[in-house]
Amino acid sequence: MSTNARPSKVNESDLKERVVAINRVAKVVKGGRRFSFSAIVVVGDGNGVVGYGLGKANEVTDAIAKGVDDAKKNLIQIPMLKHTVPHEMEGKFSGGFVLIKPAAPGTGVLAGGPMRAVLESAGIKDVLAKSKGSSNPHNVIKATIDALLKMRAPHQVAFQRSVKLDKVFNG
């Protein structure tokens with residue numbers, strides 16, 4: 001399975017949603033201000049499948065619901081190894097720049113706001129992560145997804161190199 005393909009066997013009921021940010025915007029009209037909301041939402045099954053979406057509506061709950069629907073359309077499968085990422089990777093989107101490193105068991109998710117939401121939704125339990133550059137949640141989430149998409153599964157690397165899995169990491 002390619003890493004950017006939509007996972008085939010994901011149960012909609014298994015997906016857990018996390019609201020990362022809600023933004024209120026105002027449009028000035030003749031009678032005053034008219035408010036609308038945008039919500040960025042991350043969904044994941046906690047087992048290597050994650051997606052993000054943006055919803056916009058006049059009510060917060062409607063914006064979140066639209067964001068969840070959008071996120072379910074953008075699901076990706078990411079490689080994991082022992083509840084962490086297989087190797088170090090950098091991701092970039094616009095001004096957002098993130099660094100993700102594997103961590104020893106028991107470390108936990110050491111990541112800030114939007115990155116934490118993506119990594120925990122994907123089911124990664126031990127990881128070191130740093131967000132450099134833009135702190136805009138949209139850019140940070142997209143940069144994190146970019147880094148996760150660029151990851152290569154260790155089993156796939158071992159097969160391509162025709163070596164055993166332990167040789168991939170230990171040379």
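**Exercise 1. Which side chain meets that of Lys150 in a salt bridge, and what is the N to O distance?**

*Solution.* Please keep in mind that this is a predicted model.

Step 1. Start at the side chain of Lys150, which meets the side chain of Asp146 in a salt bridge, with 3.6 Å from N to O.

Step 2. Check this against the cut-off: a salt bridge needs a side-chain nitrogen of Lys or Arg within 4 Å of a carboxyl oxygen of Asp or Glu, so the pair qualifies.

Step 3. Look at accessibility. Lys150 has a relative accessibility of 41% and counts as partly exposed; Asp146, at 24%, is partly exposed too.

**Exercise 2. Find the residues that are linked in a network of salt bridges, and trace the links.**

*Solution.* Step 1. The structure holds 3 salt bridges, and a network of them links Arg18, Arg116 and Glu120.

Step 1. Take Glu120 and Arg18. Their salt bridge has its closest N and O atoms 2.4 Å apart. Because Glu120 sits in helix H2 and Arg18 in strand E1 (residues 16–29), this pair ties together parts that are 102 residues apart in sequence.

Step 2. Now take Glu120 and Arg116, whose side chains form a salt bridge at 3.1 Å, N to O. These two are 4 residues apart in helix H2, so about one helical turn lies between them.

Step 3. Glu120 is partly exposed at 31%, Arg18 is partly exposed at 33%, and Arg116 is partly exposed at 29%.

**Exercise 3. Work out the strand order of the open sheet of 4 strands, and say which strands stand at its edges.**

*Solution.* Step 1. The order is E5-E6-E8-E7, and the pairing is mixed.

Step 1. Read off the ends. Strand E5 (89–93) and strand E7 (109–110) are the edge strands; each has a single partner, so one side of each has no neighbour in the sheet.

Step 2. Follow the pairing from E5. This strand runs antiparallel to strand E6 (residues 96–102), and 5 bridges join them. In this pair, Phe93 stands opposite Gly96 in E6.

Step 3. Go on to E8. Strands E6 and E8 pair in the antiparallel sense over 7 bridges, and Lys101 stands opposite Leu128 in E8.

**Exercise 4. Locate Lys82 and Ser94, and describe the phi of each.**

Step 1. Examine Lys82. Its phi is positive, near 55 degrees, and the residue is not a glycine. Lys82 lies in the loop between strand E4 (76–77) and E5. With a relative accessibility of 71%, Lys82 counts as exposed.

Step 2. Examine Ser94, which is not a glycine either and has a positive phi of about 50 degrees. Ser94 belongs to the hairpin of E5 and E6, which has 2 residues between the strands. Its relative accessibility of 52% makes Ser94 exposed, because the cut-off for that class is over 50%.

**Exercise 5. How many aromatic pairs does the structure hold, and which residue lies over the face of Phe35?**

*Solution.* Step 1. Count the aromatic pairs: the structure holds 0.

Step 1. Inspect the ring of Phe35. Arg24 lies over its face, at 4.2 Å from the ring centre.

Step 2. Compare with the cut-off. A charge sits over a ring if CZ of Arg is within 6 Å of the ring centre and within 35 degrees of the ring normal.

Note on methods: Residues numbered from 1 in each chain as written. Predicted model: local features only at pLDDT ≥ 70, side-chain atom pairs only at ≥ 80, totals over all residues. Heavy atoms only, no water. Pairing = 2+ DSSP bridges. Buried < 20%, exposed > 50% of the residue type's maximum accessible area, 1.4 Å probe, protein only. Phe/Tyr/Trp six-rings, centres within 6.5 Å; stacked < 30°, edge-to-face > 60°.
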